[in-house]
Amino acid sequence: MNVKRLMVSASGEDTFLKKLLSNKAAIAGLVILLSLVVIALLASFLSPYAPTALVAEPYLPPSYSHPFGTDGLGRDIFSQMIHGTALSLEIGFVSAAGITILGTTVGIISGYFGSYVDEALMRIVDVLLVIPSIAFMIFVAVILGPGLESVLIVIIVFGWPPMARMIRSQTLTLREREFVESAVVSGAPKWYILGSMIFPNVISLIIANGILAVIYGVIADASLAFLGLASTKNYSWGTVLYNAQNEGAVFHGGIAWILAPGIFIALTGIAITLIARAIDDITDPRYSAVGR
Amino acid sequence: MKAKLLAAALVALFIVSGLTVAVGNTRAATAQTLTVGIVNPGPIETLNPFYPGGQSATANSQLLGVMYLSLLSQDPNGTVVPQLAQSWTVNSNASVFTFTLRQNLKWSDGQPLTANDVVFTFNAFIHNALLDSFNGFIVGPLIKNVSASVNNTEVQFTLYHSFSPFLEYAGLGKVIVPAHIWSHVSNMTNFSNAGNPVGDGPFVVTNWVPGSSVINYKPNPYYYGPAPKIGGIAVQILSSTSNIASLLQTGSLALAQPATNQISALTGVSHMHLAFSPGNAIFGTYFDPAGLLMFDDMLYPYNITQVRQAIAYAINRTQIVQLGLNGYGTPGSQGQLPNSLTQWIPNNLPNYTFDPAHARQMLLGLGFKNGTNGFLTFPNGTAWTPKILDTGGANSNVVSVMVQNLQSAGIDASESVVTIGSLVSALEYGTFDMVLLTTSRPPIPDFVLGVFALNTTTPIGQQELNYHGWTRWTNSTLWNDLQQARQVGTFSAQYQLYADAQNILATQVPLITLYYGNSIWAYSNASIQGWSPATQGYQFPQATLLTSLSGGATSAAPDYTYVYIGVGIVVAAVVAVAAVALMRRRQR
Amino acid sequence: MEDEALLELRNATVTFESRNRRINALDNVSIRIGREDRLAVVGESGAGKTTLVRCLIGLTRPSNGSVIFKGRDIHRSGRKTLKEFRMSVQIIFQDPYGAMNPKHNMLQYITMPLKFLTGDMTRMEMETRAEELLGYVGLKEDVLWKYPHQLSGGQKQRVAIGRALASDPEFIIADEPTSMLDASAAAGILNLLKKLADTRKMGYAIVTHNMGVAAYSSRDIYVMYSGKVIEQTETAALVSSPRHPYSKVLLDHAPRTLSSVFAENSKGVNLKGDSGEHDPWAEKGCRYMQLCTRAVERCASEFPPLAGNESGRYACFNPLENELKRGQ
Amino acid sequence: MRISGKYLIRRSIYAVLTFFIALVMIFIIPRLVAVNPVDILAASQQFPPSVTKQLIIQFGLNQPVYVQFALYLKNVLLTFPPNLGYSYEYYPTSTYQLIATALPWTLFLVGSSVAVSALVGTFVGLYAGYRRGSMLDRTITYSSMTLRALPYFWVAILFQILFAVVFRIFPVAGAYSILDTSPAFSPEWTLDVAYHSMLPMITLVVSTAPVYAIIMRNNVADLVREDFMNVAESKGLKKQRILISYALRNGILPVISIIAVNFGYVVGGALLVEIVFGYPGIGTLLFNAILGHDYPVIEGIFYILAITVILANYFADLIYSLVDPRIRYT
Amino acid sequence: MEISNLSVKFPSLKGEVTAVDGISLSIDQGKVLGLAGESGCGKTTTGLTLLRMIRPPGVVEGDIEFAGRNLLSLSDEELRRFRWKEVSMIFQGAMNSLNPVKMVGSQIADSIMDHTKKTRLEALKMSAELIRRVRLPPDSIHKYPHQLSGGQKQRIVIAMAIALQPKLIIADEPTTALDVVSQERILDLLKDIVSGGSSTVLFISHDLSVLAKMCDTIAIMYLGKIVEMGSTRDVLASPAHPYTSALIDSNITIESMNSTVESIKGYPPVPINLPTNCRFSDRCPFATQECFDSEPPQVDLKNGHVAFCYHPRKENGR
């Protein structure tokens, strides 16, 4: 009987991954993202120099040994980009994880339990949504001082509300659906309803939004770095771009220096949007995560 | 019908504005105006010379230096020369200072400039310390009495105590304002000086509105010196240096101070020229920034003089200038005084040339050990990992070089970027290893060395509010030297005392001066001819320079072609939509 | 309807807020359900049928009044009573698709009550029991491994009945069980319910807007209008001689037989006014009055109480007294 | 009037509440760091200790925190113009004065670019959504997605290099150029301001219009599946009527609320763009305040931004409720 | 209107879905034709095809002749002019057929303006007249859809459908979502409008009693095919196809209370890759081998009553 069930489920419902892999856009997105992740994971092997080491003359143009040239102190920009990939993706994924966990928890709890819990949580969400997030992020980062932790904290604190709101509205809809009520009349306890009825039905929304949160984190970090609010010791794409702008890259022919971080960010963004969009297409098109 | 009217109105507006611009362009083209870019982070809110609120000290001195003069000035070599005062005398114990004004001085409104104005200005300082506090030094409390002579050409200052640097502090650092205007100002601290302020410099501001980002100057017909050769100055306030090279390249500006990393872009352009001061600061107009590495001088191991000396050997100040400042600066001297004060610097000061091996040897000699990771450890074997605090930005580059230097000497240093709050707190409570500070220091030995003129100190962990006390390092000999130097009026006596002080500082190394920055002006010789910095001065607002510049040029006339195209497209779209709407309406 | 009722709704009122006014979706409704009753509740949309069902099954707590199960108020007693109540009284929802979690297969769906109500069964036992249940509702066991989208509406509704049967209930409440189904599938579901009631000594209540469905499946009937029960009697009696004018309108508009439709021509509408808006939630008086052809003066000022005898009760000041006889 | 008084009151209460919470955050967050602001002021301005002590008393920093909070509330709420403290760098210029000079520029930039990008985005999205699945739709959708993933400031840098330095079409930086006339609302000056605002505005439009385009496209693509859209088509209505009267009128409603929600985001983006173009708005002020560690200015900026964005959201909600006939708030 | 051999197919992942499978129909001027069948049998698709509202990837094959023109070969602009002017439709969900953000009056006026040369004012006047005709209060013209009840919205939709006096009106389940009473009223209204005899109506419903009331002729569809067609009385009183009689038998009415209603056994298959045989064969109690093997022939009964079956029964009953 278990064999039979496996066969049915293999061909029946659990084809999410299969569907995702049969989607051209999703494949393209996954390939880009995976290559970036591989670069990030192998950063120490791939980068020829330490990102902070003064290895050559300052402001060298791109060459074979320095594909993106060197910066104002003679540090290798290519190595900085490689290490930047690692840090940017780390920030992206960690903040996305934080946003997803916080957003999902608050969203589901708020949507399912309703009444005062909902009211209280949604007021917080409203406040955080209305407050100009980039601006407040800057504010908090200024106060906390530059550093990886403070960057992550501000990104997560200001990033979760839209997610919570979306999950909440989905949960609200689900809560009113008859299948939840049929579980209630079947005597199902709350944990079962939350875990087995609500959660599986918001999971695709969570994934789509969670993956979009990665690019949110990357861009937020880049914005903070661009204002000099990220630690200059650790290179992220934003830091490289900040340096490029600050050290007058354009006046030293450092076009590659300016283009590289932006293109990497854009690639991440495109990859992630493609994946999220594919997930949207595959699952319920009514709750469009991409359109937020 | 409404739509038609609207369309017609838009077309009319378009044509009218086009004509206006055409007229405006011709006007801009005929005016002989020098366009100058001056960097100020915020909008210019006041042109009050005593109260720089609204702009940075730099911008303030540059903007006001054009229109206000002080009693004395400095020539390009830093020698004190006459300005409003044609001569001065100091009594033997440096407590009475007498300035004799030039004849027939006039304010830009034609009113005579007399000793009364000087007395009025300094009395204001005596009564209001805040007016006096700009530039970080205060003369008011020193003055017992200031009075004008009967013929209104001499001013006599009587001080409470002997204080020889008063000549520079009062003569170079404080501008004089017209008493006939300012005596009617109820609150001199909040006076924004808008409109057409009255000044005495070669140029005066016209029709100035607080907050505007363009300030226009016209020649002052009553200026005592030679009449300017250029028709006027238009200053554009730039929020940062980042766009300066582009603005100079595109001809939007004729004169500005680019960031050091932009200079290479300008040197490639044939008509661009550079004028930069070799670490030569001019009092009252501009302060070259200096980079200082400060130790927590009471904390082990930095309380050991040899450790500080070893660190001084381990830092490559030439490289810092090369990489951190793109080569535009001067490596710091261990005697603390900038190169421009050559006359005060003795030639037998100990020098710490970059020698990492020697530094390592010194430390090993002190009992430090070679650690397993190649870095030195404390004699007891624990790791020594000093942190160099800074607040990020351009300072980071300097620290990066330093970290690299120190590591090559076996010191496992690293950078720690903190907020200004944390930095100040670390300094106040003495909880740090090393700190990179940038500071501006007027070129007066008393001011530079005065930082160390303390004879008390606060223990580590207790709050020290006087920022001068942050070094927590004291030396009674040095303190005595400086106190004496303030009482003697002769150069030779002062020289001896200052030389002794510098010797103490160079030997004890309470802090390391890493570099003196240059102030660099880039200009286009399409607009400016005949600037020879060595004789005319290195700085834009210096009166001698302003009056000798010729070929005062025009700003490039703005090209509105694309505005026209944009507005044209919009208008065409509106007209088309309106026409379609009208036609359809008629159809029905 | 005798001594002890299985389930009783006492003076239940449910209030909603909508468009700036408070509406009693259920207004002081009392219903007694006996063990093997076969009830129908008839009314148009907005009559409060679904609210009634939700009250009866304990999903909505009435703002006034109580739900009594075997003498105990289910909202005031403990967990044990609630569990017993859930085991004894089950529901079939209107929309079989909506009632199933799209991520669960039929086995997961049908065994929910076994997991949480009957308790202590191994997976194997549950599967066996699920297959047995499918047998009751006339489905093959391979349905167990299917997901909702792989089944037709009729099949799903049968599985839904299977789930309701899982805890061996004494009574099933069906909320419009046939409205989403084709006539043929609907007939199958109703037949199944009747058969189950016969074989398992079980009662049911069908809530529907379709007079035919009600007549076909019930012995006793409640007619609702605007949140109120306006007539309650035996089904046969209502069909032959409705007392409340609204009951008659409902009956008149339902086809009696298929051939009767084209036999008679358009009957015309026995209602006052045609399309003008009327407010079914009037605060005062009989809510049906605005449409009623038999309204008397009193109707405007007070709502007629539900009165009558054992054989039937109605809420009308000017009832139809055997004026229209439709014998069998 | 479709807005009920009750809704108005409730919405207003929420706005005030939100504002108050923002206020509390602005007060508390800097105080989490144990450094006395006057010390930093003294360090920046190189005041002697006597002046420092005087300032501590003047700023009320020797008072307990709740008194400071009351003082703060009094200063920002009950004083006009609000007393947002003094800039450290430009002491004693008031923060309010600095912001008052900079804010109009930012509002001009953000306002005009939001208007243009909403207009452009809406129409592009409308057309793409209506022709969903077509080559055009895919081109628009994917290019919008790409553009949206680009950081504002990066686009700004590229545009500046390309259009101001290489091709010299637009000015490099600033809000207006050096002219003989002083700033005033002369036609000449106005045109000059428009000229200088174009490149920052185009940057903002390029970065924000895709957001609206994608939302509109998705809305319309969903709408096209709606019955009434099919009905409209089967009614043989003219295409422009279907587009404008049916697709646009329904699809634009969510965009209005998105404009409000995104307003804060665009303001944030505008700050970064301003920095690149040296535009004398809030962003530049903020950037330099950050560089100069000028906390009162930073706090003041967030205070003003919070007010602006909260008000914008408040009015957008009200407008939304007026525009959408279906919504009747209670 | 002549429909011959009309097929509508939709590609899907699992194969081609045949929604309509080679049906031929003719609708006579001034008559009401009913189209009956279970959900998913292709009734609505047939209706939409007549307005050419099948969008790609749906494929329409066959011929639709309307007043001498082939509907399938019209250009875009011709099609636009054709729609509503010639054929209009009353859609299934009146709730969703109206633009929620437009006043209903101007929605009616829209279709008038886009097909005639009338100004907005004239069109609105006409709308008011139409609204009076569907017996709604005159102020309804200024209302938004959400301010109207279901029945009132359905009336607006009807007013819209008759605005241009089209030759053919397709009514697709116009009363399904309504209460019994509103349902009755709408049917009466429709009957009034149709009784003038000027317009032809294709009435689509799964409810036989509604069709019985409205239609002159009835066609029964099963899985994309017409299985029986004839005058309403002939088809309902003496069904020839076993499916028709099963449908009639499973119809629950009040009179059913004393008898047992029989449901059709089994469930209709999904119309993917159907074999060419009698579609009903696997659910038919009378099926023989030939039913499983090949498509049944057309059997002509009296008065144009036709059935497609190997075992047609002339009498109702078993």
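Tutor: A residue counts as buried when its relative accessible area is under 20%. Please keep in mind that this is a predicted model.

Student: Which residues of α6(C) are buried?
Tutor: Gly154(C), Gln155(C), Lys156(C), Gln157(C), Arg158(C), Val159(C), Ala160(C), Ile161(C), Gly162(C), Arg163(C), Ala164(C) and Leu165(C) are buried.

Student: Changing topic: at what angle do α6 of chain A and α1 of chain D pack?
Tutor: Helix α6 (residues 115-130) of chain A and helix α1 (residues 5-32) of chain D pack at about 70°, and their axes are 10 Å apart. That angle makes α6(A) roughly perpendicular to α1(D). The crossing is right-handed.

Student: Which residues meet there?
Tutor: From α6(A), Glu119(A), Arg123(A), Val127(A) and Val130(A) meet Tyr14(D), Leu17(D), Thr18(D) and Ile21(D) of α1(D). By class, this contact has 5 nonpolar, 1 polar and 2 charged residues.

Student: Within chain A, how do α10 and α11 cross, left-handed or right-handed?
Tutor: Their crossing is right-handed. The axes of α10(A), residues 190-226, and α11(A), residues 237-246, come within 7 Å and cross at roughly 30°. Val218(A), Ala222(A), Ala225(A) and Phe226(A) of α10(A) make the contact with Trp237(A), Gly238(A), Thr239(A), Tyr242(A) and Gln245(A) of α11(A).

Student: What is that contact by class?
Tutor: The contact of α10(A) with α11(A) has 6 nonpolar, 3 polar and no charged residues.

Terms used:
Residues are numbered from 1 along each chain as its sequence is written. Chains are lettered from A and ligands numbered from 1 in the order in which they are written. This is a predicted model: local features need pLDDT of at least 70, side-chain atom pairs count only at pLDDT 80 or more; totals for chains, interfaces and linings use all residues. Side-chain values use heavy atoms; hydrogens and water are left out. Buried means under 20% relative accessible area, exposed over 50%, partly exposed in between (1.4 Å probe, protein chains only). Helices (H or I, at least four residues) and strands (E, at least two) are DSSP runs, numbered from the N terminus. Axes are lines fitted to C-alpha atoms, for helices over the stretch in contact, and angles run from 0 to 180 degrees between N-to-C directions. Angles under 35 degrees count as roughly parallel, over 145 as roughly antiparallel, 65 to 115 as roughly perpendicular and the rest as oblique. A crossing is left-handed if the near helix is turned anticlockwise from the far one by less than a right angle, and right-handed if clockwise. Contact means heavy atoms within 4.5 Å. Ala, Val, Leu, Ile, Met, Phe, Trp, Tyr, Cys and Pro count as nonpolar, Asp, Glu, Lys and Arg as charged, and the others, Gly among them, as polar.
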